[in-house]
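Trainee: I would like to learn how to read this structure. Could you walk me through it with me, feature by feature?

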Number of protein chains: 2
Amino acid sequence: MAEELIRHLQKHIAADAEDARQIVPFFRTVPLQKKEALLAEGQLCRYHYFVAKGCLRMYFVNGKGMEQTIHFAIENWWITDYPAFQHRAAASFHIQAIEPSEVLAIDYASQEDLFREFPQMERYFRLIFQRAYSAAQLRIRYLYDFSREEFYDHFSTHFPEFIQRVPQYLLASYLNMTPEYLSEIRSKKRS
Amino acid sequence: MAEELIRHLQKHIAADAEDARQIVPFFRTVPLQKKEALLAEGQLCRYHYFVAKGCLRMYFVNGKGMEQTIHFAIENWWITDYPAFQHRAAASFHIQAIEPSEVLAIDYASQEDLFREFPQMERYFRLIFQRAYSAAQLRIRYLYDFSREEFYDHFSTHFPEFIQRVPQYLLASYLNMTPEYLSEIRSKKRS
DNA sequence: CGCGACGTTGATTTGCCTCAACGATTGTGG
DNA sequence: CCACAATCGTTGAGGCAAATCAACGTCGCG
C-alpha cells in the first residue's frame, strides 16, 4: 500500500526509487474495517495518517451528544487532529473508517526525523498544508455563505461520487443539517 | 518594519543576521491607511502578505451584496487569498486595512526563489501553514457547533482585545450574524 | 423471521433575519 | 469650531429557514 504514497510524493517532489525505499519504513501500515475507530476523542493523538485506500471520516460529539462529521478523507488525503498532533495532546475529534480502508501512519518524532533526513519532505508537506489551508479558506466561505440547500447542491454537483459512497445520515451531518431536513430537500428535488 | 518579520522567522527557524540581510529584499513594504484596500475581488492575486503592524480584514461580498468578514489579521499573521495566489488567478476575496497598517509583500515567483535559496524557508512556511490549517480545523468545528450567541461568548473571552479594536458591525459580520442580532445579544448580557 | 438501523413525512417550535424607525456618535466642509 | 450629514448602534414587529419531536415504512442482516 506504500506505492500509493510514493506515487503521491513523486507528484509533488523529486524522489527516486532509492529515496522511496528509505522513506517507506518511517510509516506503519494500518488496516481498518468498516466502522473501526482510528482515533478517539480524549486519546493522545500520536499519528499523522495518509489514506492509501478507502474512506474515513472525522467527527466530534457536540453538547447534545450528536456526532458532527466535519471531514471525509479518501485516497491520497492526509488526516489527523492537527491541533492535538502538533502539541502531542489529547484529541478533540474522532476518526473512523466508513469503508474497509488502509492508512499509513507516522508519529510526530518520526516525522521530524524524516524532515531531517529528507529536506524535500518539508516542501512536500508545505505544499500539502498550503493546499489544505487553501481548501479550508473556501470551506469557511461556504459555511458563511450557503443555506443548507445550497450546501447540498454544491456538494452533490462537486462530489457526486460521495453521495453514493456515504450513508445519508453522515452526509446530513457533514452538511450540518438534520437527516429529516436533508430528506425534505431531496424529495423536493425529485418532484 | 522588516524587523518584525525577522523576529518572527527566528522564532521558527535558524536564521542569522546575514540570512536576514539577504531575505529582506525579497519583500516590498506596503503602508496602508485605515480602510485602504490591499486586494480586491476580481484582481489578480499576486502577493502573499505579512502583517508587520496594524490590523486587516478579509471579506467577500455575498449574493445579497453584503460584506462578509471571514478573517482578521494582526501583527505576525500571514494573509492572502490562497486559492487565488496558488493558481495566480483572480481573487474571490477582498483584503482591507482596518487600522493604519504596514505589510510586507512577496510575489509568487520571488517566494519560489526564496525557497530555492533558503531551504529553511520551506520549513518556516510548512510550520505557518500547518498552524493555520490547524486553526482552520478548530474554526470549522466552531462553525458547526456554536450558536451565534456561543460564538460571541467564545470570541469575547478568547480575544477580548479585538472587541475594542474593531467596530461592532465588522464583528457581527465576522461572527456571521446581523448587527441587530449582535446588539440584542449584548444588551441581554448587560442586564 | 424479526430486530435494529435508516429514511421519510408532518406538526410544531425557535433562532435568527428582515425591515423600519430612531438615537448617538463621528467626521467633515464651510 | 460649529452645523449638518453620514455612519453606527439600538429597539421592536413580523417572518422564515431549519430544528425538534413523534410516528411510521423499509430494508439489510444476524
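Trainee: Which helices each supply at least two residues of the surface near DNA strand C?

Mentor: This is a predicted model, so please read everything here as a prediction. Near DNA strand C, the helices that each give at least two residues are helix 8 (168–174) and helix 9 (179–190) of chain A, together with helix 9 (179–190) of chain B. Helix 9 of chain A brings the largest share, four residues.

Trainee: Which residues are closest to DNA strand C?

Mentor: A:Q168, A:Y169, A:S183, B:R148 and B:Y181 are the closest of the 15 residues that surround DNA strand C. By class, this surface has three nonpolar, six polar and six charged residues.

Trainee: What share of the DNA strand C atoms within 4 Å of the protein belongs to sugar or phosphate?

Mentor: Sugar or phosphate makes up 79% of those atoms, and bases make up the rest. Single contacts show both kinds of partner. For a base, look at B:E180: an N or O atom in its side chain is 3.3 Å from a base nitrogen of DNA strand C.

Trainee: And DNA strand D: which residues come nearest there?

Mentor: A:R148, A:Y181, B:Q168, B:Y169 and B:S183 come nearest, out of 15 residues around DNA strand D. Of the atoms of DNA strand D within 4 Å of the protein, 75% are from sugar and phosphate. A:E180 has a polar side-chain atom 3.3 Å from a base nitrogen of DNA strand D. Two or more residues of this surface come from each of helix 9 of chain A, helix 8 (168–174) of chain B and helix 9 of chain B. Helix 9 of chain B provides the largest share, four residues.

Trainee: Now the two protein chains. How much area do chain A and chain B bury between them?

Mentor: The size of an interface is often given as the accessible area lost when the parts come together. Here chain A and chain B bury about 4000 Å², with 58% of it on carbon and sulfur atoms. Each side can be counted too: the contact takes 40 residues from chain A and 40 residues from chain B.

Trainee: How many salt bridges does the rule find across that interface?

Mentor: The rule finds eight salt bridges between chain A and chain B. One of them joins A:E112 and B:R126, whose closest N and O atoms are 4.0 Å apart. On the side of chain A that touches chain B, helix 5 of chain A gives the largest share, 19 residues. That side divides into 18 nonpolar, 13 polar and nine charged residues.

Trainee: What rotation superposes chain A on chain B?

Mentor: Two copies of a chain are related by a rotation about an axis and a shift along it. In this model, a rotation of 180° with 0.0 Å of shift along its axis superposes chain A on chain B, with an RMSD of 0.0 Å. That is the relation of a two-fold axis. A:R126 has the C-alpha nearest the axis in chain A, 2.0 Å from it. The same surface serves both copies, as 100% of the contact residues of chain A recur in chain B.

Methods. Residues numbered from 1 in each chain as written. Chains lettered and ligands numbered in written order. Predicted model: local features only at pLDDT ≥ 70, side-chain atom pairs only at ≥ 80, totals over all residues. Heavy atoms only, no water. Near = heavy atom within 4 Å. Polar contact = N/O pair within 3.5 Å; in protein donor to acceptor, adjacent residues only side chain to side chain. Nonpolar A, V, L, I, M, F, W, Y, C, P; charged D, E, K, R; others polar. Contact = heavy atoms within 4.5 Å. Buried area = accessible area lost by both parts, 1.4 Å probe. Salt bridge = Lys/Arg side-chain N within 4 Å of Asp/Glu carboxyl O. Least-squares fit on C-alpha atoms with pLDDT ≥ 70 in both.
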